[in-house]
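Thanks for coming, everyone. Please take a moment to look at what is on the screen, and then I will walk you through it.

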Amino acid sequence: MENSFNISSSPHIRSKVTSGNIMLMVVIALLPATAFGVYNFGLPALIMMVSTTAAAVLTEYIYEKLMHKKVTIGDFSAVVTGMLLGLNMPPTAPWWMGALGSVFAILIVKQLFGGLGQNFMNPALGARCFLLLSFTGPMTSFVYDGVTGPTPLSYVKSGALDQVNTMDMLIGTIPGTIGETSVIAIIIGAIFLILMGVIDLRIPGTYIVTFVIFVGIFGHVAHPEIGFFDPTYLTAHLCGGGLMLGAWFMATDYVTSPITKKGQYLYGICLGVLTGLFRIFGGSAEGVSYAIIISNLLVPLIERVTLPKPFGKGGEK
Amino acid sequence: MNECGERLKNGLIDENPIFVLMLGMCPTLAVTTSATNGIGMGLSTTFVLVMSNMLISMLRKIIPDSVRMPAFIVVVASFVTIVDFMMEGFTPGLYDSLGIYIPLIVVNCIILGRAESYASKNKVLPSIFDGLGMGLGFTVALIAIGMVREILGAGQIFGYQILPLADEATGAAGYTPITIFILAPGAFLVLAFLAAIQNKVKINMEKKGKDASKIQSGCGADCATCGGCPSAAGKDKE
């Protein structure tokens, strides 16, 4: 009864959603892709996932202890970063490489800029690009069933569509990084997130639609033997590489994506065009991580342009 | 003579051009892929700095105020040309790896900054020591950045392999170089970390009261004359 008469300033009704809840749901949504990666690539994938996640959490804990800050490992954001980085690693890379990436992600990209909510780019992707530049060899060699071979996306890049099996790409029994191979497992996680209201379709939808339009047109420009909007070419591009993982889980990161609706559409278009540009005309077959990072850097500008006007402002003078 | 010693310490520590004043970032970030490059760049800049400071200080009463900038540039450029030819003749390897950054010493804002804020207002001997201190501070900073980048990025120091490299083919255990540190992003990371460490040390020293008065005066004394630096820094970016 006493509680009813408590007097405090507004707000009086608070949502039960916390960043911890949201991050926990992202962790759950990442589980299908993780499980499939471990099933697909075996023990090395499991070791990699454990090492990246553990290193991310430990780094956050140690840094915050040393700097006498509030320890925030309870909000699962370090776990999400660690898992995302693990899913972005090739299973054959040594485990310490993943751990080093996690330290970079948490320490340099996230904590030095002020912790959760202040980082200017996605920590997991920042770390992936750090590793990609540092250890290009181990980060880009993909072994599947004991055979080192090009990923389906490299075949797509060179226009060799007959080498590509779309069904395998959908299920995920192809060479690639731990979490990106299975489109089905990623989509299951994404549907869970959408149903729980954690993400919406605006960013991933615009991203994928823009990407399809761009690739449909410019795929023909790069490879004249492939027609405009060739269905096999498009599906191979959609299911190959990190597009699905990036679009559903990394482009939608709250901290590094715009909050205005218009801004989110703009951001999605930017992502789609950049990814298409890198994939078709760039040096390597993959371009999702760089596209997302560059778009992350554009977010403050996008938000400035798309800031909605308060009601009544900017009317007749 | 006391003033000369103070000038040396000022350039090396209190107003280190790289870690404190943040001047001359362009060559700093570009050439420090190895410690050897750092020494080459640092010493050639030191030479130009000492000589130009000396000459400008000698000419400070002759050069009219309105044309002082072109006059400084001419003086600096003549010494840079000397260094350029000397390096091409005697250290061709270093000359090749430093490339365009040797001629670019002409527009290095440390040199113009010292000419403008110190040498054109002070006597010859302190000006020489000011140039020497600033130049050595620059050299030490470049070597520090170069060494960290070389060790992390290649496992080497001054070109000698100190960390045995891992070999995939033979399966030999060893160090796997983090290549990003000899690429451009590594320069920014290392510079930021070294500057942060140096700030931390300085703050700790101030807290303990050790040398606090000296640090205060070392900075405060030159703040008024530092006005020339931002304009010079702008030039570097062009």
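In which kind of crossing, left-handed or right-handed, does H10(A) pass H13(A)? Before I answer, note that this is a predicted model, in which local features need pLDDT of at least 70 and side-chain atom pairs count only at pLDDT 80 or more, while totals for chains, interfaces and linings use all residues. Residues are numbered from 1 along each chain as its sequence is written, and chains are lettered from A and ligands numbered from 1 in the order in which they are written.

The crossing of H10(A) with H13(A) is right-handed, meaning that the near helix is turned clockwise from the far one by less than a right angle. The axes of H10, residues 202–222 of chain A, and H13, residues 261–281 of chain A, come within 7 Å and cross at roughly 30°, and the two helices are therefore roughly parallel to each other (angles under 35 degrees count as such). The axes here are lines fitted to C-alpha atoms over the stretch in contact, with angles running from 0 to 180 degrees between N-to-C directions.

Turning to the chain as a whole, chain A has 14 helices and 2 strands, where helices are DSSP runs of H or I with at least four residues and strands are runs of E with at least two. The C-alpha atoms of chain A fill a box of roughly 75 × 55 × 35 Å along the principal axes.

Finally, residues 264–282 of chain A are 95% helix and 0% strand, with end C-alpha atoms 25 Å apart, whereas residues 234–252 of chain A are 74% helix and 0% strand, with end C-alpha atoms 23 Å apart.

Conventions:
Parallel < 35°, antiparallel > 145°, perpendicular 65-115°, else oblique.
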